[in-house]
Amino acid sequence: MKPFVRETAIAAPLMRANIDTDQIIRIDRLIEHPRGQLGPFCLEALRFAPDGSERADFAPNAPRYRGAGILVAAENFGCGSSREHAVWALVDWGIRAIIAPSFGDIFYGNSFQNGLLPVRLPAAEVAAIAEELDRANADEAPRITVDLQACTVTTPAGRVLPFEIEADRRAGLLEGLDDIGMTLRDRAAIDAFRRDDEAAHPWIYRQTEQPLVKKILILAGDGIGPEIMAQTRRVVEWFGTQRGVRMELQEELFGISAWKTHGHLMRDATWKAVTDSDAILFGATGSPEYAAIPPEHNQFDQLLRMRKELDLFINLRPVRAIKALAAASTLRPDVLEGTDMVLVRELAGGLYFGTPRGIETLADGQRRVVNSMVYTEREVARIARAAFLLARSRNGRLCSVDKANVLENGILWRETVEAVHQADFSDVELSHLYVDNAAMQLVRNPRQFDVMVTENLFGDILSDCAAMVAGSIGMLPSASMSAPAETGRKALYEPIHGSAPDIAGQGVANPLGSILSFGMCLRHTFNLPQQADFLEAAVERVVSAGTRTRDIADPGAAFVSTVQMGDAVLRELERSND
Ligand code: IPM
Ligand code: MG
């Protein structure tokens, strides 16, 4: 599009009100004539008699107005249908600017998109300019200067009249850019936004159909794992049959039950299922019976092995205060109320995996133990990015937790988080806390937090602490993922409570943390946020209606079994399914 800065051109009067876009270009002319060739047909019914001769009563036909580049027109020019072809026809005819008291709205907007400048002046001024054109020497073509830089019109008599125009429209025409061109000037910012937004909401950008069927592996594990997972599995299958969530479901033994059946804590076939699956629904690990397993079969914890080998470095632990459960917490209801935060725990590095590690016997016979809190800048930066992205999709606040006053580890952690913040996330509000203070703040005023990010062991400890906010650790789900975006992502979903061997087999465990973990799976693996919301709302209604397992029951009140809680969730899902 040609820019418009300052133009001096012959001006012709066209003082007829309400010239509409159908008069400017007849629709049938558009069928055979493309843009660029519409000039001969512009205003044709006014310009030409039926026999093709020029009409004498059409002022611009007068010899001195030949080659006019500016029209001086009456009110409501370009009213009627919204075709931008009307502007094309005028431009093809050679018109660069039109001065009139008023324009059809859409015509006015279209003009700027196609390099034509519409100038609005008071009706009396326009009439005065038309008179000047009339009075001009019959042999001399009257000229007008329209200066968009200065926003003035200089009439044939030399009068300089200021006009007003919207700043963004003026800027576009001065540079020869239509709306799309103006938008594309911000391309770098748009691309940066798109990159981050795509990482946070990948499903919006999905171009090709992803395989809809997800491979889900259930590993119930130890302790209360099988009891809670049996209820979760009912919910999973319900979403498959009743809500069309497409999955291949497989279940494998894990932990002590696998040891007893296969002689391995994780046999090869199970490990293959782990690496083949899109997501693992995990119950719990841990049992006194591990002590009896020969060390060569129990070299490492199989849950930690999955976290490490699948590189599940992002662990999301959302903590929301559920009003109906306020009494289940030892914290005061007014402290809990309104809390809605996510703890982002680094899960594939730090003290859990650092080397050197181990117990050695020294020369003097006493034993010595070493564990190492190890992080590279890259490992800190990638979890920081995931946390910043999450904060940006929520309330825009991130609190990073470290121990920088004592540990070098904390110093590097803090510097790296700061660097990521400065480079890409300055729109997110970043704060820092030492881990000891963070533990206190979580129980003093949990409402202050939006997203918290921290090292592996710190996150383990702080998430149990934050569990009191939700009333019971039995309520809290978690998601562990290998990348913030979707492509090829692996994920493992587990309640944050452990195997609770003390209550295993009694049928009293709370299955809601595990059921809500499947909710996170719907959100992050299936990319079905509405299904996730639906499940979370159903669970909330169940507890709000008073259905409680022992851990969340009011003191002395009746409570339901693990299976009865599963029944209640399924009844509520069924009831609210439409
Ligand atoms: C958790 C658990 C695990 C951990 C145990 C079971 C290894 O406490 O997920 O918080 O320490 O990470
Ligand atoms: Mg823990």
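Select C79 and C42 and show their sulfur atoms. The sulfur of C79 is 14 Å from the closest cysteine sulfur, that of C42, which is too far for a bond. A disulfide is a covalent bond between the sulfur atoms of two cysteines. Here the term is given to a pair of cysteine sulfur atoms within 2.5 Å, and a search of the whole structure finds 0 disulfides. C79 counts as buried, at 15% relative accessibility, and C151 counts as buried at 14%. (Buried means under 20% relative accessible area, exposed over 50%, and partly exposed in between, with a 1.4 Å probe and protein chains only.)

This is a predicted model, in which local features need pLDDT of at least 70 and side-chain atom pairs count only at pLDDT 80 or more, while totals for chains, interfaces and linings use all residues. Residues are numbered from 1 along each chain as its sequence is written, chains are lettered from A and ligands numbered from 1 in the order in which they are written, and side-chain values use heavy atoms, with hydrogens and water left out.

Next, select residues 268-276, which form helix α13. (Helices, H or I with at least four residues, and strands, E with at least two, are DSSP runs numbered from the N terminus.) Which residues of α13 are buried? They are T270, W271, A273 and V274. Looking down the axis of α13, these buried residues fall within an arc of 155 degrees, so they line one face of the helix. The arc is that of the directions from the helix axis to the C-beta atoms. On the other side of α13, D268 and K272 are exposed. Now show what covers the buried residues: the cover includes β8 (214-221), β9 (247-252), β10 (279-284) and α14 (302-309).

Go on to α18 (residues 435-444) and α19 (residues 456-467), which pack at an angle of about 15 degrees with their axes 9 Å apart. Axes are lines fitted to C-alpha atoms, for helices over the stretch in contact, and angles run from 0 to 180 degrees between N-to-C directions. The two helices, α18 and α19, are therefore roughly parallel to each other. (Angles under 35 degrees count as roughly parallel, over 145 as roughly antiparallel, 65 to 115 as roughly perpendicular and the rest as oblique.) V435, A438, A439, L442 and V443 of α18 make the contact with F458, L462, C465 and A466 of α19. Contact means heavy atoms within 4.5 Å. The buried residues of α18 are V435, A438, Q441 and L442. Seen down the axis of α18, they fall within an arc of 110 degrees, so they line one face of the helix.

For another helix pair, select α21 (residues 529-544) and α22 (residues 562-576). Their axes come within 9 Å and cross at roughly 120 degrees, which makes α21 oblique to α22. Among the residues that meet there are F534 and L535 in α21 and M565 and A568 in α22.

Finish with some backbone details. Most residues other than glycine have a negative phi, and most peptide bonds are trans. L43 is not a glycine, yet its phi is positive, about 55 degrees. L43 is found in the loop between α2 (29-32) and α3 (44-47) and counts as buried, at 0% relative accessibility. D311, also not a glycine, has a positive phi of about 55 degrees; D311 is partly exposed, with a relative accessible area of 28%. Last, select T355 and P356, which are joined by a cis peptide bond with omega about 0 degrees. P356 lies in strand β13 (residues 354-361).
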